[in-house]
Amino acid sequence: MKFTRIITLSLISALSIGTLIGIAEVNKVPVDRNFEIEDEKGNRDALQSVAFENVIKVDTNKFEKVILTKDDVQFKDTKYDISHGVGEKVLNNKDMYRGMNNASEYENSKFTMIAAFNTHFPYGSNEAYVTIAKKDKKTNQLQKEKISLPGITTNQYIMEENLVEHNDSIYYSMVVQSMSSSVGPTLKIYQIQSNLQLKEVMNVDLSLPGDYTDVSRLVTDGDKLFIILSSQQEKKLMEINLDTNKYVTHTLPELSMDDSYIQMFRVDENHFYLNVDNSMFVIDKNTYKQVNQKVMKPSFISKYDYISVVDQTESHETVYVIYEGYKNYNSDKYVVAYHATTGDILYEGKLPSTENRGVSGYKFVNVNN
Amino acid sequence: MKFLTFVEIDLRKIFPFLLGMYAIAIAGFQGFFVKLASNLNGQIVQGAAESGTTLEEYLKTIDKISLASIIDSNILPLVVQIFVGLGLILLGFYLWYKEWFGASKRIYTLLSIKGSRFRIFTSKLVVFLLIFVTYYGIVLLNLFISSFLVKFILPEQIIASDLVQNYILHSQFLPFVIPVSGGSLLFNLAFLIMMFSILSVFVLWDRSKRIWGMIGGFIYMGSTVVVFFYLNTLDLYTSEISIVNWAFTLCVLTISTAFSYYLLKKKVSI
């Protein structure tokens with residue numbers, strides 16, 4: 001008997017295993033470590049006080065953190081889990097984050113606390129509960145509680161969650177949106193007691209007149225919670241005082257009315273920052289008036305079909321934004337620095353491509369100056 | 001009969017079918033790939049026209065194109081490979097059942113040959129592994145052909161370097177089709193042996209106990225699938241799930257092989 005088929009298939013098999021090992025293990029291509037920002041407009045010195053972070057894959061199961069500044073780049077070994085999209089912080093505290101990778105967080109010198117509403121609700125699971133986990137920083141002791149929340153039904157979904165401490169109490173807030181168009185979004189605020197049980201303290205209707213109200217992120221500042229309500233007719237800023245359980249709404253200056261979607265909302269000591277329809281607005285915290293004299297818009301808008309705001313930060317009267325522009329198959333990342341009061345573009349630059357190396361997007365990190 | 005003769009006879013039976021499956025894998029992959037790459041070329045030309053510059057200038061402003069940017073954004077080429085892979089698993093059933101059906105019922109000859117009956121199992125396992133390792137080679141071949149074809153479809157200066165190596169390391173979807181590292185190659189081989197053992201339990205149980213064996217086989221096969229999917233829906237991180245999968249594979253592999261051995265030795269009779 002001639003073993004032609006055995007010989008053929010064995011040869012092909014040996015060849016394919018050899019090739020696979022050859023290209024996947026022996027003859028690897030080193031990852032491209034050339035990271036440099038490409039100037040498009042203005043002076044790069046405007047990026048003096050910011051740094052960018054990104055995670056790249058350098059080998060099977062090996063990742064490095066990239067810290068990019070205006071004229072330097074550093075690499076540090078890190079952990080990353082591609083299928084969950086989580087990095088070091090979560091992977092070093094697996095017991096706490098398990099099942100709630102994108103939980104809202106609160107951290108102080110004594111403990112870290114996270115809270116997340118049932119992530120499978122309402123499609124994968126119809127149980128309305130929130131999981132709260134608290135880890136003591138000294139003893140590393142973990143407390144985890146599942147608390148069911150009455151009054152939330154499966155025709156609602158959770159839009160926003162937030163965790164904040166005030167006056168030694170921790171508050172968990174969430175925005176619930178109904179799937180039926182006649183009911184607007186509702187904000188629910190709970191106080192977390194020391195045994196990790198919840199006590200409902202507030203229930204605020206967020207709907208504006210009109211067909212549909214969109215809400216921004218829920219941001220916290222001291223003893224206050226802020227949220228932007230947006231409909232086709234108007235845009236309002238709601239301020240909720242956690243001390244008095246009272247809330248007020250402020251009318252915002254004329255923003256774009258075409259687009260009711262708030263792309264980004266942040267707050268710092270003096271200003272609110274928000275992005276509507278690709279335009280950035282800086283709003284004074286005391287007067288609720290627009291600070292920037294000129295609309296802050298990147299100059300590359302027309303080159304793309306769609307632009308999203310990835311991250312934003314501010315320092316020394318300068319507002320920094322990372323944008324991602326999409327056109328057909330292609331997407332590019334940019335950093336833009338605006339002057340907060342004049343609204344002038346101080347700098348515009350293209351961030352290095354992460355194609356075939358990056359596993360996470362760019363974000364701002366703190367630098368010590 | 002010698003062991004190699006067992007293997008050769010099995011291979012001869014399935015060879016034409018195998019060649020057909022590999023041909024479908026190559027034709028399907030390349031067909032979709034060429035289509036996707038041509039679409040991309042159209043978009044590049046259109047992008048250049050809209051930007052108002054020459055194509056040369058425009059190409060300098062956009063990212064280099066790698067296999068990941070073509071295949072990972074539309075995984076139809078890989079879907080074809082997955083379907084071919086599923087078809088090849090069915091060959092595992094055929095390898096066993098072909099002996100029982102037909103006028104001659106060759107199983108009687110096989111079972112009455114002197115020497116260990118377990119040879120029948122191991123020879124078919126070797127065939128099953130050869131089928132799949134060759135299939136990995138076919139998928140790799142497809143990647144090499146694509147990395148060659150793409151040069152004729154897209155402008156040269158926009159194509160990234162080391163296409164195949166980079167795709168193996170960075171693709172999100174390729175690991176669902178073939179192993180992409182030494183470690184995952186070992187796991188895949190163990191997983192294939194496990195799959196073949198489970199199929200063998202089903203076939204041998206069915207052939208030795210008829211109706212009840214068939215029901216038992218279905219329950220056994222179904223429960224391993226259910227347990228496997230259940231384990232993979234747990235909230236486990238990648239490093240943990242790979243340990244769990246190894247443990248599951250080795251456990252089921254041992255139980256199924258032992259059970260097949262027992263059924264083949266004791267239960268399947270002439």
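## Basis of the description

A residue is called buried when its relative accessible area is under 20%, exposed when that area is over 50%, and partly exposed in between. B:Glu50, at a relative accessible area of 48%, is therefore partly exposed. The structure described here is a predicted model.

## Chain B: composition and overall form

Chain B contains 9 helices and 0 strands. Read from the N terminus, its elements follow the order α-α-α-α-α-α-α-α-α.

The radius of gyration of chain B is 23 Å, whereas a compact globule of 270 residues would have a value near 18 Å. Along the principal axes, the C-alpha atoms of chain B occupy a box of roughly 80 × 45 × 30 Å. Of the 270 residues in chain B, 54% are buried. Among contacts in chain B with a separation of 6 or more, 82% are between residues 24 or more positions apart.

## The interface between chains B and A

The size of an interface is often given as the accessible area lost when the parts come together. For chain B and chain A the buried area is about 4,200 Å², and carbon and sulfur atoms give 62% of that area. Chain B contributes 48 residues to the contact and chain A contributes 47 residues. Between the two chains there are 21 residue pairs in polar contact, both residues being at pLDDT 80 or more.

Several helices of chain B each supply at least two residues to the side that touches chain A: α1 (3-51), α3 (67-71), α6 (118-153), α7 (163-170), α8 (182-233) and α9 (238-267). The largest share of this side, 13 residues, comes from α1(B). Sorted by class, the side of chain B that touches chain A comprises 25 nonpolar, 15 polar and 8 charged residues.

## Salt bridges across the interface

Side chains of opposite charge can pair when their charged atoms come close. Across the interface of chain B and chain A there are 3 salt bridges.

One of these salt bridges links B:Glu8 and A:Arg5, with the closest N and O atoms 3.3 Å apart. B:Glu8 is buried, at 1% relative accessibility, whereas A:Arg5 is partly exposed, with a relative accessible area of 24%.

Another salt bridge is formed by B:Glu50 and A:Lys327, whose closest N and O atoms are 2.6 Å apart. The pair joins two chains, because B:Glu50 lies in helix α1 of chain B and A:Lys327 in strand β23 (residues 318-327) of chain A. As stated above, B:Glu50 is partly exposed, at 48%, while A:Lys327 counts as buried at 16% relative accessibility.

## Salt bridges within the chains

Over all chains, the whole structure contains 28 salt bridges.

A:Lys135 is buried, with a relative accessible area of 9%, and A:Asp95 is partly exposed, with 37%.

In chain B, a network of salt bridges links B:Asp10, B:Lys98, B:Glu99 and B:Lys124.

Conventions:
Residues are numbered from 1 along each chain as its sequence is written. Chains are lettered from A and ligands numbered from 1 in the order in which they are written. This is a predicted model: local features need pLDDT of at least 70, side-chain atom pairs count only at pLDDT 80 or more; totals for chains, interfaces and linings use all residues. Side-chain values use heavy atoms; hydrogens and water are left out. Contact means heavy atoms within 4.5 Å. Buried area is the accessible area (1.4 Å probe) that two parts lose on being put together, summed over both. A salt bridge is a side-chain nitrogen of Lys or Arg within 4 Å of a carboxyl oxygen of Asp or Glu. A polar contact is a pair of N or O atoms within 3.5 Å; within protein, one must be able to donate a hydrogen and the other to accept it, and residues adjacent in sequence count only if both atoms are side-chain atoms. Helices (H or I, at least four residues) and strands (E, at least two) are DSSP runs, numbered from the N terminus. Ala, Val, Leu, Ile, Met, Phe, Trp, Tyr, Cys and Pro count as nonpolar, Asp, Glu, Lys and Arg as charged, and the others, Gly among them, as polar. The radius of gyration is taken over C-alpha atoms; the globule rule is 2.2 Å times the number of residues to the power 0.38. Buried means under 20% relative accessible area, exposed over 50%, partly exposed in between (1.4 Å probe, protein chains only).
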